[in-house]
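This report goes through the overall fold and then the ligand site. Please have the sequence and the model open while reading.

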Amino acid sequence: MADQFDVVVIGGGPGGYNCAIRLGQLGLKAACVDARGTFGGTCLNVGCIPSKALLHASDLYQMARLDFPRFGITGTLGLDLNAMMAHKNKVVGELTKGVEYLLKKNKCEAIVGEAKIAAPGRVTVTTKDGTRELETKNIVIATGSDVTPLAGVTIDEKQIVSSAGALSFESAPPRLLVVGAGVIGLELGSVWRRLGSDVTVVEFLDRIVPGVDSEVAKQFQRLLEKQGMKFKLAAKVVGVEKNGAALSVAIEPAAGGLREMFEADAMLVAIGRRAFTDGLGLDAIGIKRDSRGRVMTDAHFETNVDGIWAIGDVREGAMLAHKAEDEAVACAELIAGHAGHVNYDAIPSVIYTYPEVATVGKTEEELKSAGVAYKVGKFPFTANARAKSNLTTEGFVKIIADAKTDRVLGVHMIGPDVGNMIGEASLAIEFSASSEDIARTSHPHPTLTEAIRQAAMAVGGWTMQM
Ligand code: FAD
Ligand code: NAI
């Protein structure tokens, strides 16, 4: 006889495990199924966490090499890449075990196996011990995403890698070619540049990080170039051949034209990610997907089939762990009969390079095209006392507020530790704060957060420290 559940969640990433935990908290009997063998999904296993472990470690190395002497700290320095990787693996191991513990603590069954939706209300799981049939009132699809392939290029995860392979190079490739100047390309490109690679980034568009405020993006590119990263914009990779230990990469202008050959030792393909639904059996039960293969849902995360829901990377919207988590909580609450809601305008986004880029809300470009009148306040980190003491003065804070109501519409930052500062801006947007609310809120001195307050003052034309 099949095991009975209120909800079976397919996928154990930030969407799936948070949904199952919230369902458990709300008193529903939930199972969370993941094929990977360890819980935490892309984010914990091969995404957010291992990349941040390497970004932090490589940043410390770069700081010790370049900045310590400026603070009067001297000495010889070494790099043990195996130890750095061991640190990354340890963090991943501890956090993925932590997720299993949390599932258990909240009375959710964690099942390792590949799930297929046999019919509405029926999930078949193939485990290493055989097949399990689950009967359930609801199914939540949280199967995430995987790398978008580049036509004509085969990823071997050794020399031609996706982000997963770039998290585990055995040594820094002397010449690394990155395809795609998006978040993954610039974060992992930064890691390997700091650890010794000569990094060139090929980007199809004529700018980096599409979607990020263009003023921020321009300064970001300039600062990355200053650190030694090279860019080939408005260009595309059209082929790659293994040439002994090296790669011969054919690059053409995006609009077509003269082909150039580029020699590299490794290549990272980072041109986006796509919804993952392989083997789920969606077509057989008639679940609708959009032109990009994403599971379509209504505003309450329910698909066109009653009792089947979808959250996280597999549906529309930003592919971010905290977006998946927000949807997970809201979806669980809706299934349990409560109100659940996600405010997409207040979801921040961070690029964890140096300097960091952190944004939330609307960009100037978006407001212009929507015809919304706005005012802008800016404050540079060169004028922030803490940034000066820390020798981290590159970047600025930009606050955009409605011209009539002064309501904060967007906050865009590039600078030191802005990823840890963007939460304040999200809260301001969530609570419909005005720029004057931020300007009149006390911020501790001397901290980097004062730059946010000063930028808010700048919206009203009364910056005090410039
Ligand atoms: P996933 O985390 O992808 O989890 C889906 C899970 O479902 C997987 O474990 C998969 O094994 C499982 N699954 C799929 N099909 C089945 C099946 N049929 N049966 C059983 N299990 C199945 N986001 C951030 O917010 N911050 C970051 O710093 C960040 N860094 C990133 C770095 C990298 C290198 C990458 C690749 C991504 C990063 N992301 C980051 C994005 C983030 O990882 C995703 O947005 C997030 O993991 C999405 O969560 P999810 O639960 O929707 O899907
Ligand atoms: P992305 O969408 O951020 O960037 C892809 C880039 O590749 C774009 O600039 C695009 O114009 C370019 N591109 C597309 N096709 C190309 C081609 N043929 N040749 C050259 N360039 C091409 O995707 P990325 O970096 O792969 O990341 C995937 C997702 O993972 C993102 O949506 C992001 O949200 C998430 N992520 C989030 C992180 C964070 O929050 N810090 C870190 C890493 C990933």
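## Basis

A residue is called buried when its relative accessible area is under 20%, exposed when over 50%, and partly exposed in between (1.4 Å probe, protein chains only). By that criterion, 52% of the 466 residues in the protein chain are buried.

The model is predicted: local features need pLDDT of at least 70, side-chain atom pairs count only at pLDDT 80 or more, and totals for chains, interfaces and linings use all residues. Residues are numbered from 1 along each chain as its sequence is written, chains are lettered from A and ligands numbered from 1 in the order in which they are written, and side-chain values use heavy atoms, leaving out hydrogens and water.

## Overall fold

The protein chain contains 13 helices and 22 strands, assigned as DSSP runs (helices H or I, at least four residues; strands E, at least two) and numbered from the N terminus. Its C-alpha atoms fill a box of roughly 70 × 60 × 50 Å along the principal axes.

## Ligand 2 site

Ligand 2 is surrounded by 22 residues, each with a heavy atom within 4 Å of the ligand. The closest are Ile184, Glu187, Glu203, Gly272 and Val350. Helix H6 (residues 183-194) gives the most to this shell, with 3 residues. Domain 1 (3-147 + 274-342) and domain 2 (160-271) each supply at least three residues; the domain bounds come from an automatic or database domain assignment.

Polar contacts are pairs of N or O atoms within 3.5 Å. A backbone N or O atom of Ile184 is 2.9 Å from an oxygen atom of ligand 2. For Glu187, a side-chain N or O atom lies 2.9 Å from a nitrogen atom of ligand 2.

Note on methods:
Polar contact = N/O pair within 3.5 Å; in protein donor to acceptor, adjacent residues only side chain to side chain.
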